[in-house]
Amino acid sequence: MCSSDLTDNNGGSATVERTLTIDNADPVVSVDGSSDPLILYATDQGHLVVGATFADPGADTLTATIDYGDGSEPQVLNLSSTTGTFNLNHTYASPGSYVVHVTVHDEDGGLGQDTLNVTVNPNFPDRKSTRPELQSPCNLVCRLLLEKK
């Protein structure tokens, strides 16, 4: 119940009461995609590891569904709180372009969605680094850092 007292310029007043129905607020999800598309290489076995954040203003039970866009079964995660993070961790079997769909559902039918474009290239381009720590074979993290430059 919501109540408001109203007064006009002539001194008249009235009290208005209304019953309000608060609808469910949808959860929010954001995938940490630092570039679009995110570039991976088959020489790294096309391995994707990125984080995602989520939040829901209600006291709901949340579930995340991750569809990696390559025909594999979607991954389902039961989330233990209404605010937090989770990781996307997947290996692509072949080079190509993929769209990752991440959906967070609450028990009241609300949902939040985000996507990440991923490109898996067949091989890593030849690049020489002037930084000594990168002159040895790079792991995926090093290569992603190089790709962003």
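Guide: Two strands are taken to pair if DSSP finds at least two bridges between them; helices (H or I, at least four residues) and strands (E, at least two) are themselves DSSP runs, numbered from the N terminus. The model is predicted, and local features need pLDDT of at least 70, side-chain atom pairs count only at pLDDT 80 or more, and totals for chains, interfaces and linings use all residues. Residues are numbered from 1 along each chain as its sequence is written, and side-chain values use heavy atoms, with hydrogens and water left out.

Of its 149 residues, 30% are buried, where buried means under 20% relative accessible area, exposed over 50% and partly exposed in between (1.4 Å probe, protein chains only). Contact means heavy atoms within 4.5 Å; among contacts between residues at least 6 apart in sequence, 59% join residues at least 24 apart.

The part in view begins with strand E3, residues 28-31. In a regular strand the side chains alternate between the two faces of the sheet. In E3, Val29 and Val31 make up the covered face, while Val28 and Ser30 make up the uncovered one. E3 and E5 run antiparallel and are joined by four bridges. Within this pairing, Val28 has Ala55 of E5 as its bridge partner, and Val31 stands opposite Ala52.

E5 also pairs with E8, in the antiparallel sense and over nine bridges. Val50 has Leu88 in E8 as its bridge partner.

The structure holds two aromatic pairs. Rings of Phe, Tyr and Trp (its six-membered ring) pair if their centres lie within 6.5 Å; planes under 30 degrees apart count as stacked, over 60 as edge-to-face and the rest as tilted. Phe54 and Phe86 form a tilted pair, because their ring centres are 5.9 Å apart and their planes stand at 35°. This pair links distant parts of the chain, with Phe54 in strand E5 (residues 47-55) and Phe86 in strand E8 (residues 83-91), 32 residues apart. Phe54 is buried at a relative accessible area of 6%, and Phe86 counts as buried at 8%.

The other pair, Tyr92 with Tyr98, is stacked, with 4.3 Å from centre to centre and 25° between the planes. Both Tyr92 and Tyr98 are buried; for Tyr92 the relative accessible area is 4%. Tyr92 lies in the loop between E8 and strand E9 (96-106). The C-alpha atoms of Tyr92 and Asp70 are separated by 7.4 Å, although the two residues are 22 apart along the chain.

Another loop, between E5 and strand E6 (62-67), holds Asp60. Lys and Arg count as positive and Asp and Glu as negative, with His and the chain ends not counted, and a salt bridge is a side-chain nitrogen of Lys or Arg within 4 Å of a carboxyl oxygen of Asp or Glu. Asp60 is buried yet has no salt bridge, and the nearest side chain of opposite charge, Arg18, is 27 Å away. Leaving aside neighbours within four places in sequence, Asp60 is in contact with Asn24, Thr82, Asp106, Glu107 and Asp108.
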